[in-house]
Structure formats: structure tokens, C-alpha cells
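Please open the model in a viewer and keep the selection tool at hand. The stops below are meant to be followed in order.

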Amino acid sequence: FANPPEQSAPSPSDPNVLTLADTDVAVHLHTVTPESGTLFDELDLSGRIDFDPDMVSKVYPPVSGIVTRVLVNPGKRVRRGDVLAEVTSGDYAGAISDLRKAEAQVGVAGKAMARARDLLDAKLLSVREYQQALGDSLQAAAEMERATRALKAMNGTATPATAGYLLRAPIDGIVLERNAQIGSQVKNDNS
């Protein structure tokens, strides 16, 4: 960039000059008649246009399986949480099954614990047998916590509305590309 040549300030009485005064700076605008001519010189530069990586999210399913539905195409605007695709997955089905089994085990262990407490109070159960029931109850609760966290890590729900895993948009935005088609296999290792 070069500094423009020095010009003298126009006369305030010139009808083609508008002067805007600020407390510290005066700005002078000149009106001119347009003329034909070269407006600028051409400058060739090499470069690359790309997306801001902080504003782009590549989406991969956290489960392996087969794509059974694709609900978006490039150019579609999506909101965070919108369903992009559905994947039929053994991983997802296993996680839901683990949670259901853990929920059932917590129910059984809770009832066994209540019976053990009543029998211990009636002096019909040994302390060791009561402690075993307590251990079983705590173990069932820990397994339910593990199964819940595993499903949450997949961004899945315990009450799926469909049989497959629903891949959701992590951010608001516009779909730039789509690499999955119905019937394609996806893996949870981003390949």
C-alpha cells in the first residue's frame, strides 16, 4: 500500500464539497463526475479458499452398522439435534440390551435387599447373608450406571423411537457434503 499524495483542504464554500466535522477530525467528501478508465490493476495471487475449521463439524457415528436412512443432502440447513441418518447397529442394540438387563437386575436386587432387611430384623437371616444381598444390590446399581454411561457416550437414548441409532447434528449449520448412502457400512472409527 502506498500513501496518497498530499492535497490541500478544499474551500468550505465549494458546492461540490461536503465537510463532516467531528470534535477531533474533519472529513472531506468530494463529488466527482464519473469518467471511463481503468479502475484498478489486476493482481494474480495463489491461494486456497477453505472453511474455518472452528466452524465445521465432521460427523461420524459412534457405532458400527448399516445406514438405513439418510435424511439430509448437501445444502440443507440443520439445527443442533436434527436427525441426519439412521444406522442399524449391533453395538447400539447391545448397549440398549445391557441397560435393560441392568434395570431388571436393580429391580430384583432391590426386592431381595428389602426381604433380607426384613429377615435380618426378624433374626431369621445371618449378617453374612444380609451383606451378600447388600453387595448384590450395590453391584446391580454399578452395572446400571455403567450401562447408562455407555449409552450416553453413544449419544443414544434408552427409549429409542426406532430400531436404529439416530445420528444427530452436533451444531447448527448447513450440510456441506454427505458420504453415506442407504446400505453403506459405517464404522465407529471414523472410516
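**A tour of pockets, rings and a loop**

Begin with strand E5, which supplies 3 residues to the lining of the largest pocket, the largest share. Please bear in mind that this is a predicted model.

Show the pocket itself next: the volume of this largest pocket is about 1,000 Å³. Select Ser57, Lys58, Val59, Glu177 and Arg178, the closest to its centre of the 36 lining residues. Then colour strands E3 (65-70), E5 (83-88), E7 (173-174) and E8 (185-186), the elements that each give two or more residues to this lining. By class, the lining of the largest pocket comprises 23 nonpolar, 7 polar and 6 charged residues.

Move on to the second largest pocket, which holds about 220 Å³ of space. Among the residues lining it are Val59, Tyr60, Arg80, Asn155 and Tyr165. Its lining divides into 8 nonpolar, 2 polar and 2 charged residues.

What are the centre distance and plane angle of the rings of Tyr92 and Tyr165? The centres lie 5.3 Å apart and the planes stand at 80°, so the pair is edge-to-face. The pair links distant parts of the chain, with Tyr92 in helix H1 and Tyr165 in strand E6 (residues 165-168), 73 residues apart. Tyr92 is buried at 3% relative accessibility, and Tyr165 is buried at 2%.

Finally, select Lys123, in the loop between helix H1 (90-121) and helix H2 (127-153). Lys123 has a positive phi of about 60° although it is not a glycine. Is Lys123 buried or exposed? With a relative accessible area of 73%, Lys123 is exposed.

How values were computed. Residues are numbered from 1 along each chain as its sequence is written. This is a predicted model: local features need pLDDT of at least 70, side-chain atom pairs count only at pLDDT 80 or more; totals for chains, interfaces and linings use all residues. Side-chain values use heavy atoms; hydrogens and water are left out. Helices (H or I, at least four residues) and strands (E, at least two) are DSSP runs, numbered from the N terminus. Buried means under 20% relative accessible area, exposed over 50%, partly exposed in between (1.4 Å probe, protein chains only). Rings of Phe, Tyr and Trp (its six-membered ring) pair if their centres lie within 6.5 Å; planes under 30 degrees apart count as stacked, over 60 as edge-to-face and the rest as tilted. On a 1 Å grid over the protein atoms alone, a cavity is a set of points where a 1.4 Å probe fits but cannot get out, and a pocket is an open set with protein on both sides within 12 Å along at least five of seven lines; lining residues have an atom within 4 Å of a point. Grid points are joined across faces, edges and corners, and a volume is the space filled by probe spheres set on the points. Ala, Val, Leu, Ile, Met, Phe, Trp, Tyr, Cys and Pro count as nonpolar, Asp, Glu, Lys and Arg as charged, and the others, Gly among them, as polar.
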